[in-house]
Amino acid sequence: METDEKVGIAFVDLQSQRRLLGDRLTRRMQAVLEHGVFIMGPEVAELEERLADFVGVRHAVTCSSGTDALLMALMALRVGVGDAVFTTPFTFVATAEVIALLGATPVFVDVDPQTFNMDPDQLEKAVRALKTKDPTVYPLPMGVEHADVRPRGVIAVDLFGLTADYVALSRVARENDLFILEDAAQSFGAVDKSGKKACAVTEIAATSFFPAKPLGCYGDGGAVFTEDAHLAEIIRSLRVHGKGTDKYDNVRIGINGRLDTLQAAVVLAKMDIFPQELDRRQHVAERYTERLKDVVRTPYVPQGYRSAWAQYTIVSPRRAEIRKALQQKGIPSGVYYPKPLHLQEAFAFLGYKKGNFPVSENLSETVLSLPMHPYLSDEQVDRIADTLLSVFV
Ligand SMILES: *Cc1c(COP(=O)(O)O)cnc(C)c1O
């Protein structure tokens with residue numbers, strides 16, 4: 001736990017949550033220990049029904065992590081060598097990693113400076129550049145001018161809990177016959193401007209139950225969501241080594257991608273309090289914004305959206321000073337993400353250069369995430385805000 005003893009402000013506070021859950025959690029876990037079906041036990045099916053119901057889609061398929069959720073979604077969509085998949089460089093590495101892992105080509109698209117999510121106008125440009133093999137239209141990966149790489153799809157990320165602009169992104173996707181996979185690892189519980197929940201706005205979505213995400217388990221976990229029965233069926237097969245009628249009938253190449261029954265039990269217990277936790281996150285965010293909006297750029301939530309507040313992230317050219325002041329008071333803070341993906345060594349093979357995605361590059365130098373969880377008291381938020389404001393007097 002990232003807890004500081006002196007002031008007791010955690011970046012993410014799982015201990016307060018555990019105390020609140022109390023018996024509910026231990027009963028759920030105890031039930032699994034007693035029935036002993038640790039793999040694909042009854043809690044897994046119960047959770048999938050509950051998740052599908054919460055989100056408002058027909059199929060929820062739980063799995064081993066958010067990364068595997070993304071990976072299996074791409075596998076189900078038959079993404080592979082020769083396919084270009086567009087995504088942003090201002091995200092966690094997993095988003096682009098799964099594209100490359102399947103032999104497809106990640107093509108980066110810069111983000112909107114206000115929302116930090118994929119800029120639909122730039123997506124349009126990037127698709128046009130790829131189709132015409134003209135990197136003067138938009139920065140492209142090295143060598144695609146000479147290679148047979150066709151645009152296949154988009155992984156849009158709901159960064160820090162805010163869903164991307166799926167109305168605008170879907171228009172570009174439709175015109176170019178691209179799928180959209182929603183990376184909702186940070187946005188589970190968010191509401192889009194269409195009124196739909198995150199994971200229900202595109203044909204397929206992936207989320208994560210990593211402990212620090214808005215809805216987390218006590219280990220690794222994730223889920224894929226879709227209305228498409230055929231895709232859901234393929235993912236159910238992929239997560240058990242490409243099973244056919246059973247594990248020993250193998251009809252495709254898959255992975256070991258199941259969610260543990262114990263982790264399903266943990267998520268089930270947490271779902272009981274999840275709606276109230278989302279309300280608390282919203283309250284904390286509003287209080288931060290009220291206190292800080294005159295000195296730093298506070299998060300922008302466009303009309304009609306509701307963020308899941310995975311992170312509360314400010315933008316300031318004085319980040320280093322702010323961090324230092326917070327640190328001196330024992331207040332944790334985080335930088336997500338300090339280096340955009342196109343400048344990471346792992347993606348050097350794409351041949352992108354500094355300057356290709358100026359918005360992401362600038363954000364990586366100016367963003368700062370403050371403690372965010374449902375158990376921050378008003379007094380704690382004020383203490384954090386006062387400390388931050390002290391930099392500007
Ligand atoms: C956390 C995260 C993932 C990966 O989820 P894991 O469960 O850690 O594998 C993918 N994309 C984004 C945007 C994330 O924040």
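View 1. A polar side-chain atom of Thr67 lies 2.5 Å from an oxygen atom of the ligand, and a backbone N or O atom of Gly66 lies 2.7 Å from an oxygen atom of the ligand. On Asp183, a polar side-chain atom lies 2.8 Å from a nitrogen atom of the ligand. Each of these is a polar contact, a pair of N or O atoms within 3.5 Å. Taken alone the ligand exposes 380 Å², and the protein buries 93% of that, where accessible areas come from the Shrake-Rupley method with a 1.4 Å probe.

**View 2. The shell around the ligand.** Of the 16 residues around the ligand, Gly66, Thr67, Gln186, Ser208 and Lys213 come nearest; a residue counts as near if one of its heavy atoms lies within 4 Å. By class, this shell has 6 nonpolar, 8 polar and 2 charged residues, with Asp, Glu, Lys and Arg counted as charged, Ala, Val, Leu, Ile, Met, Phe, Trp, Tyr, Cys and Pro as nonpolar, and the others, Gly among them, as polar. Helix α3 gives the most to the shell, with 3 residues.

View 3. Most residues other than glycine have a negative phi, and most peptide bonds are trans. A cis peptide bond, with omega of about 10°, joins Tyr336 and Tyr337, and Tyr337 lies in the loop between α10 (319–328) and α11 (358–366). Phe160, although it is not a glycine, has a positive phi of about 60°, and its place is in the loop between β4 (150–157) and α6 (166–175).

View 4. The chain has 12 helices and 9 strands, which are DSSP runs (H or I, at least four residues, for helices; E, at least two, for strands) numbered from the N terminus. Its radius of gyration is 21 Å, close to the 21 Å that the globule rule gives for 393 residues, so the chain is as compact as a globular protein of that length; the radius is taken over C-alpha atoms, and the rule is 2.2 Å times the number of residues to the power 0.38.

**Notes.** Residues are numbered from 1 along each chain as its sequence is written, and side-chain values use heavy atoms, leaving out hydrogens and water. In this predicted model, local features need pLDDT of at least 70 and side-chain atom pairs count only at pLDDT 80 or more, whereas totals for chains, interfaces and linings use all residues.

Definitions and conventions: Polar contact = N/O pair within 3.5 Å; in protein donor to acceptor, adjacent residues only side chain to side chain.
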